[in-house]
Amino acid sequence: MASFKVETEQHGELNCWRISSDHAELLIAQQGAQILSYQRVGEPPLLWLSDQAIFRQGKSVRAGVPVCWPWFGNLQRNPQAVQAMYHAEQAPAHGLARTRDWQLLGIEEAGSELRIEFALPEAQGELPGWPHDVELKLRVVLGDALELSLTSHNHGNAPVTISQALHSYFAVSDVRQARVEGVEGLSYIETLADWEQRQQEGALGFAGETDRIYLDTPPTLSIVDPHWNRRITLASSGSRSAVIWNPWTERAKELADMADDGWQRMLCIETANVWDDVVELRPGASSVLKVIIGSEVI
């Protein structure tokens with residue numbers, strides 16, 4: 001039986017909760033219901049928190065797992081059906097959910113797990129420029145692994161089309177030594193080469209800036225980190241696309257909330273519904289985007 005401790009903390013302008021068990025520790029911000037860090041006792045962090053992170057209202061933190069919803073990335077790069085849902089002029093990158101305060105619905109123990117649930121009430125018709133009635137909830141389960149489930153339920157009387165992602169920043173010893181397995185043979189969109197479609201040969205290693213959308217992804221991807229003798233596993237459902245990103249040297253220098261060498265210690269694999277994998281919610285329908293983050297010794 002695990003024992004849990006929940007403490008409230010203030011990081012800059014953000015209200016946060018630090019949740020610790022005998023096995024792991026989690027830091028979550030109310031803004032965006034964003035997990036900022038996740039670490040198992042006696043191990044390096046699994047999720048990366050930038051040491052130059054900015055904790056400011058209205059700005060997503062460079063860390064953990066930002067929730068991108070109801071669109072991902074640049075709205076203009078999304079399918080027309082996703083663009084048509086939004087009726088304002090300025091469309092912030094990665095949607096409207098990650099910079100708003102979510103409501104903590106509850107924290108409860110269930111055997112050896114702790115279950116934390118958040119909701120974004122504004123998503124039910126009160127998001128500026130996005131006049132749809134979608135109940136949006138994020139469920140976090142802290143147990144042997146970390147489980148995240150983002151549920152969208154359309155309460156309106158018209159279909160709603162969304163793209164979304166759990167934009168996970170993983171901690172690695174040195175991204176130049178890491179590789180991603182599970183992408184072998186997949187088609188991907190190379191956003192750094194005019195959004196050209198290509199095919200992955202073998203596992204994915206890193207030798208420069210990387211920003212790719214992988215298509216028809218399998219349920220499990222993993223990051224192999226030889227220096228830390230670790231494999232991070234991502235088991236997803238409700239998703240058949242993933243975005244893999246690392247800014248490398250020049251791009252990192254442009255990011256105020258990342259150290260110039262911060263790119264070496266992080267790698268994003270974003271469990272997503274993007275490109276041709278967007279979600280259409282008919283009236284009364286729900287979708288669940290889910291990822292279970294675990295690790296094992298190699």
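## A bridge across the chain

Arg100 and Glu122 pair up in a salt bridge, with their closest N and O atoms 3.4 Å apart. The term covers a side-chain nitrogen of Lys or Arg within 4 Å of a carboxyl oxygen of Asp or Glu.

How accessible are the two partners? Arg100 counts as buried at 19% relative accessibility, and Glu122 counts as partly exposed at 26%. Buried here means under 20% relative accessible area, exposed means over 50%, and partly exposed is in between (1.4 Å probe, protein chains only).

## About the model

This is a predicted model, where local features need pLDDT of at least 70, side-chain atom pairs count only at pLDDT 80 or more, and totals for chains, interfaces and linings use all residues. Residues are numbered from 1 along each chain as its sequence is written, and side-chain values use heavy atoms, with hydrogens and water left out.

## Other charged pairs

In total, the structure holds 22 salt bridges. Side chains of opposite charge can pair when their charged atoms come close. Lys137 bridges to Glu135, with the closest N and O atoms 3.7 Å apart. Lys137 is partly exposed at 27%, and Glu135 is partly exposed too, at 25%.

Then there's Arg282, whose side chain meets that of Glu280 in a salt bridge at 3.5 Å, N to O. Arg282 is exposed, with a relative accessible area of 54%, whereas Glu280 is partly exposed at 44%.

## The nonpolar side

Which residues have the most contacts inside the largest nonpolar core? They are Leu26, Trp69, Trp102, Trp130 and Leu146, in a core of 75 residues. Such a core is a set of buried Ala, Val, Leu, Ile, Met, Phe, Trp, Tyr and Cys residues joined through side-chain atoms within 4.5 Å. Strand β9 gives the most to this core, with five residues.

Leaving aside residues up to four places away in sequence, Leu26 touches several residues, including Trp17, Ile35, Tyr38, Val140 and Leu146; contact means heavy atoms within 4.5 Å. Another core lies apart from the largest one and has nine residues, among them Cys68, Ala165, Ala272 and Val274.

Definitions and conventions. Helix = DSSP H or I, 4+ residues; strand = E, 2+ residues; numbered from the N terminus.
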